Amino acid sequence: MEQYQKEFVDFMLDCNVLRFGDFTLKSGRKSPFFMNAGLYVTGSQLEKLGEYYAKAIHDRYGDDFDVIFGPAYKGIPIGVATVMAYSRLFGKEVRYCSNRKEAKDHGDAGILLGSPIKDGDRIVVVEDVTTSGKSMEETIPIVKAQGDVKIIGLMVSLNRCERGKGDKGALEEIKDLYGFETAAIVSMNEIVDYLVERNVIDDELKSRIDAYYAEYGIKG
């Protein structure tokens, strides 16, 4: 892992965003770990979060894009923090856009918040984590309806490295379905290796994580 990725793992733990224990996910799966990006709540936390996203996007997708799109609701603060960090770290102004859950019919009307999306725009979508791809089913038609645009990639904070709807991981399923690249700041496999090395994860927890992935992990 790059140094910023290691720092991001420590950051998630410090913010109590990444926790280990016994959790029941929306899918019904019993998981030994859980991530809740809604716990980034302070100015300094959001500032750092934006920096990690900006560094990961820059590493994976470079500078050839115009808009960061953060789907409602958790993607909104992530998108805002990321465009601010991108300007600060890399000297490039990119525009922020998000969607409303319900279109507004007065004042700043429409389905979008932030910058309009126009023909020729190249877009990076940011989310916290994706397990089923359901949010992309809502997001991609909204983005594509704005004009002749190109989505160059999706960046999430964590790749859980487990199956989505089929035998592939959720990020790979999204890539196959929509035809754009998908990436994460860090994967759960990388996190486990890093925290085992630092003795943060003990043998008992490692055994439970291994058992979880034996049942739900990505094959191959």
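Let's start with strand S8, which is mostly covered: five of its seven residues are buried. Keep in mind that this is a predicted model. The strand spans residues 181–187 and runs parallel to S7, with six bridges joining the two.

Strand S7 itself covers residues 150–159, and eight of its ten residues are buried, so the rest of the structure largely encloses it. What does S7 pair with besides S8? Strand S6 (residues 122–129) pairs with S7 in the parallel sense, this time over seven bridges. Within that pairing, Val124 has Gly153 of S7 as its bridge partner.

Between S7 and S8 there is a helix to look at. S7, helix H5 (residues 170–178) and S8 make up a β-α-β unit, and a right-handed one. Which residues of H5 are buried? Ala170, Leu171, Glu173 and Ile174 are. Those residues cover an arc of only 160° around the axis, which puts them on the same side of H5. As for what they sit against, the buried residues of H5 pack against helix H4 (134–144), S7 and S8. After H5 comes Gly179, with a positive phi near 85°.

On to the nonpolar packing. The largest nonpolar core has 48 residues, and Phe8, Tyr40, Ile57, Met155 and Ile191 are those with the most contacts inside it. Helix H2 (residues 43–61) supplies the largest share of this core, namely seven residues. Apart from it lies another core, of 18 residues, including Ile140, Val149, Leu154 and Val156.

Leaving out residues up to four places away in sequence, Phe8 touches Tyr40, Leu49, Tyr52, Ser157, Ile185 and Val186. Phe8 also belongs to a ring cluster: ring pairs link Phe8, Phe11, Tyr40 and Tyr52.

How many aromatic pairs does a search of the whole structure find? The search turns up twelve. One of them is the stacked pair of Phe23 and Phe34, at 5.5 Å centre to centre and with 25° between the planes. Phe23 is in strand S1 (residues 18–24) and Phe34 in strand S2 (residues 30–35), so the pair ties together parts that are eleven residues apart in sequence. Tyr212 and Tyr213 make an edge-to-face pair, because their planes stand at 85°, with the ring centres 5.7 Å apart.

| Residue | Relative accessible area | Class |
|---|---|---|
| Phe23 | 17% | buried |
| Phe34 | 25% | partly exposed |
| Tyr212 | 4% | buried |
| Tyr213 | 15% | buried |

Is Phe34 buried or partly exposed? With a relative accessible area of 25%, Phe34 is partly exposed, because buried would mean under 20%.

Conventions: Residues are numbered from 1 along each chain as its sequence is written. This is a predicted model: local features need pLDDT of at least 70, side-chain atom pairs count only at pLDDT 80 or more; totals for chains, interfaces and linings use all residues. Side-chain values use heavy atoms; hydrogens and water are left out. Buried means under 20% relative accessible area, exposed over 50%, partly exposed in between (1.4 Å probe, protein chains only). Helices (H or I, at least four residues) and strands (E, at least two) are DSSP runs, numbered from the N terminus. Two strands pair if DSSP finds at least two bridges between them. A crossover is right-handed if, with the strands pointing away from the viewer, the path from the first strand over the helix to the second runs clockwise. A nonpolar core is a set of buried Ala, Val, Leu, Ile, Met, Phe, Trp, Tyr and Cys residues joined through side-chain atoms within 4.5 Å. Contact means heavy atoms within 4.5 Å. Rings of Phe, Tyr and Trp (its six-membered ring) pair if their centres lie within 6.5 Å; planes under 30 degrees apart count as stacked, over 60 as edge-to-face and the rest as tilted. The arc is that of the directions from the helix axis to the C-beta atoms.
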